[in-house]
Amino acid sequence: MRDLMEITARPEVISLAGGLPDTSTFPPQSFARQMTKIAQESAAEALQYGPTEGFASTKECIRQVMAAEGMDPDPEDIVVTTGGQQAIDLITKALVDPGDVVIAEAPTYPGAVPVFCSYEAETVQVEMDSDGLRIDRLAETLDRLAADGRTPKFLYSVPSFQNPAGVTLSAERRRRLVDLARERELLVVEDNPYGLLRYEGQPLPTLYELDGGDYVVYLGTFSKILSPGLRLGWLCAPPPVLQKVVLGKQASDLCTSTLAQYFVAEFFAEGRWREYVDSLCDLYRSRRDAMLESLARHFPGEATWSEPEGGLFLWATLPDYIDTTDLLARALRDNVAFVPGAAAFADGQTGRSSMRLNFSGSNEDEIREGIRRIGAVVSEQVELYEAITREGRTLLPEQDAPHPEPEAGADVVPLRRRGEPGG
Amino acid sequence: MKVAVLKGGRSLERQVSLRSGARVEDALSSLGHEVVALDAGNDLVRRLKAERPDVAFIALHGADGEDGTVQELLEILAVPYTGPGVSACRSATDKSAAKQELREAEVATPDWVSFSQTAFSELGAADALDEIEARLGYPLVVKPARGGSALGVRFAANRAAVPQAVVSAFSYDDRVVLERHVEGRELSVSILDGEALPVVEIRPRDEDRYSYEARYEIGRTDFICPADLSATEEAVRDASVRTWRALGCHGFARVDLILGRSGPEVLEVNAVPGLTDTSLFPMAAEAAGIGFEELCGRLLDLATGRLRAR
């Protein structure tokens, strides 16, 4: 699949596969002004190493972003990281020993899967529905693990506009999750890259706010609200956890890019960061709407998809006889790409008839054309399948062997660890 | 000599090709050749004309590089190239064409049927599935006619699994092959200039059998070279060499077979075998005492020798 993904980067391909925010809307004059100011006033400092935890000025910007979602963290609890991805890596490195259990949503952020694998965690995934993670299933999973004498190191969750499913954890479930975490002493790693990218509906409290930061480690990033090229994210955790994370970060890269931190501080000093986020919301809202309209027009009746209130992605599910990894090979012949659903499951098997579609990185015309092309190849496969199984033929699956199982155990998927036979 | 190493390209096997190409470049540089690496894109012909290499080393896998397309362009430009010629590449790439040629040459290959997509969509080929089932039995192997590295290859254990497997295979090509599954040992015979190198046996550790991922990841499959075949070795080598001749191969090629109860049966021929550090051809060459540099050197000699022979 990595080979397929590489082809998605060809210029002639309309790629709905990436997770790219649109950086073309950031005003170049503003960028030039801020960088010039840094060059003139603090060149030596901006080109120097910085503290491992990050600059106080960066933490002040982070506090503003978190305050916009109702949080009020102690700057002492924040470490600035090289993107949100490093925050996932550092918290896993700090807490997970080989063989430990990590719980994640099903499907989960595809970029988190290789992190958990590389620290040899056993990833157990718990089902979601349109209201996000099913807390009842989470409780069952905790019971089952406890019966086996196993205590998960943490739950990794993207509660708002989840990547890849596009669903949001409801307010009621957020409260239940925080209560459950407290009751079972379960650490929750809340990854919230998209919280401020809400296009409709009422903002919901973060888990970090509801919990007060006792059982919730919070991960944030400037990637989706400003620029992923800056590689600037952060992690908020109680001091004992934070100390281990800081040690890990020291070993990994000493400190986050000083220059990037100076840039963010200058940008925030102009006081217009919310305006910029609002402009992104307007842009992405239109793109999401274009994608939803196109899906309704071009995807077959059997297909379903999430209708996210924010974020960058939606999750479409096709009839269960279509394998989206194979479909991607066909789609690439028509120069259009998406992420096959299997990438979001640690076992690489579940989710085979689903796909993640990104609506932030392409303009509306590209989105319409891209969805039209995917719709055409899906329809081709539906027609082909129907031609092979049509009425009157003896090959109807119902009459013979049972229909292929719709991915057994979709709620809990144990991950084989690297090095195990068959792994 | 000035050698153009052709690699990459647009095929689904691009990554593997880049790895093969990089390794070939290193080997040829060590041999003292002037190496020009060309990632096959729409400027390929222009760059070949500008560089004017003495010979082209084709390290492209899959569409364009292995199916005769690039070979045809190199013929027009009068640049000698490694590996089989245009028509052998074309036959080897299309599994149904290759199997037809093997049958005519009386080389054993598992029974099969092959259909285009229109056969299903326009001509009701599905109504022939009863007959196909009766002839081939289960499990069936369903694969795209063209394409390598096990992409789109499915086992259909019963009727219910056939439609999905066929739809998946059509994702990669507009023609599919439904083949009788032969239970047996998986073997691969590398052939250099018409001579069979030591046989490699492939033993997947994975219950998914021979998946694309497993094929290129160290530790997911065991390879035994030379394979312990005792009395059957001669038959395996003979089937492989006769396959090479039937398709009219040149330079090198790799023949994949299954050793079932009724002897070896040929599954497919790779006209441009992988040359990565986990690939089977270099492994077999190594077992024959031919190091990677020497192998690359031999392939260049065979390429330039072919030109002189014309």
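## A loop residue in chain A

Glu302(A) sits in the loop that runs between α11 and β10 (304-305) of chain A. The model is a predicted one. Glu302(A) has 13 C-beta neighbours inside 10 Å and therefore counts as partly exposed. In sequence, Glu302(A) and Thr317(A) are 15 residues apart, and their C-alpha atoms are 8.6 Å apart in space.

## Domains of chain A

Chain A is assigned domain 1 (2-24 + 275-399) and domain 2 (30-269). The centres of these two domains of chain A, taken over C-alpha atoms, are separated by 27 Å. Their contact takes 27 residues from domain 1 of chain A and 29 residues from domain 2 of chain A.

On the side of domain 1 of chain A that touches domain 2 of chain A, the elements giving two or more residues are α11 (273-298) and β11 (313-317) of chain A. The largest share of that side comes from α11(A), with six residues. By class, this side of domain 1 of chain A divides into 15 nonpolar, eight polar and four charged residues.

## Nonpolar cores

The largest nonpolar core has 144 residues, and Ile91(A), Leu235(A) and Val264(A) have the most contacts inside it. Helix α13 (residues 364-389) of chain A supplies the largest share of this core, nine residues. For Val264(A), setting aside neighbours within four places in sequence, the residues in contact are Thr58(A), Cys61(A), Phe222(A), Leu230(A) and Leu232(A).

Another core, of 63 residues, lies apart from the 144-residue one. Among the residues of this other core are Ile191(B), Val199(B), Val236(B) and Phe281(B).

## Domains of chain B

Chain B is divided into domain 1 (2-83), domain 2 (91-108 + 183-306) and domain 3 (112-180). The C-alpha centres of domain 1 of chain B and domain 2 of chain B are 22 Å apart. In the contact between them, 23 residues of domain 1 of chain B meet 19 residues of domain 2 of chain B.

On the side of domain 1 of chain B that touches domain 2 of chain B, α1 (14-30) and β3 (55-58) of chain B are the elements that give two or more residues. The most comes from α1(B), which gives eight residues to that side. Sorted by class, this side of domain 1 of chain B has 13 nonpolar, six polar and four charged residues.

## Helix packing in chain B

Helix α5 (residues 95-104) of chain B packs against helix α10 (residues 233-247) of chain B, with axes that come within 9 Å and cross at roughly 110°. Angles of 65 to 115 degrees count as roughly perpendicular, and α5(B) and α10(B) are therefore roughly perpendicular to each other. The residues that meet are Ala98(B), Glu101(B) and Leu102(B) in α5(B) and Thr243(B), Ala246(B) and Leu247(B) in α10(B). By class, this contact has four nonpolar, one polar and one charged residues. An α-helix has 3.6 residues a turn, so residues three or four places apart point the same way.

## A buried helix in chain B

Helix α8 (residues 162-170) of chain B has nine of its nine residues buried, so the helix is largely enclosed by the rest of the structure. The buried residues of α8(B) are Val162(B), Pro163(B), Gln164(B), Ala165(B), Val166(B), Val167(B), Ser168(B), Ala169(B) and Phe170(B).

Key: Residues numbered from 1 in each chain as written. Chains lettered and ligands numbered in written order. Predicted model: local features only at pLDDT ≥ 70, side-chain atom pairs only at ≥ 80, totals over all residues. Axes fitted to C-alpha atoms, helices over the stretch in contact; angles between N-to-C directions. Helix = DSSP H or I, 4+ residues; strand = E, 2+ residues; numbered from the N terminus. Parallel < 35°, antiparallel > 145°, perpendicular 65-115°, else oblique. Contact = placed C-beta atoms within 7 Å. Nonpolar A, V, L, I, M, F, W, Y, C, P; charged D, E, K, R; others polar. Domains from an automatic or database assignment. Core = buried A, V, L, I, M, F, W, Y, C linked by C-beta atoms within 7 Å. Buried ≥ 20, exposed ≤ 12 C-beta atoms within 10 Å, placed from the backbone.
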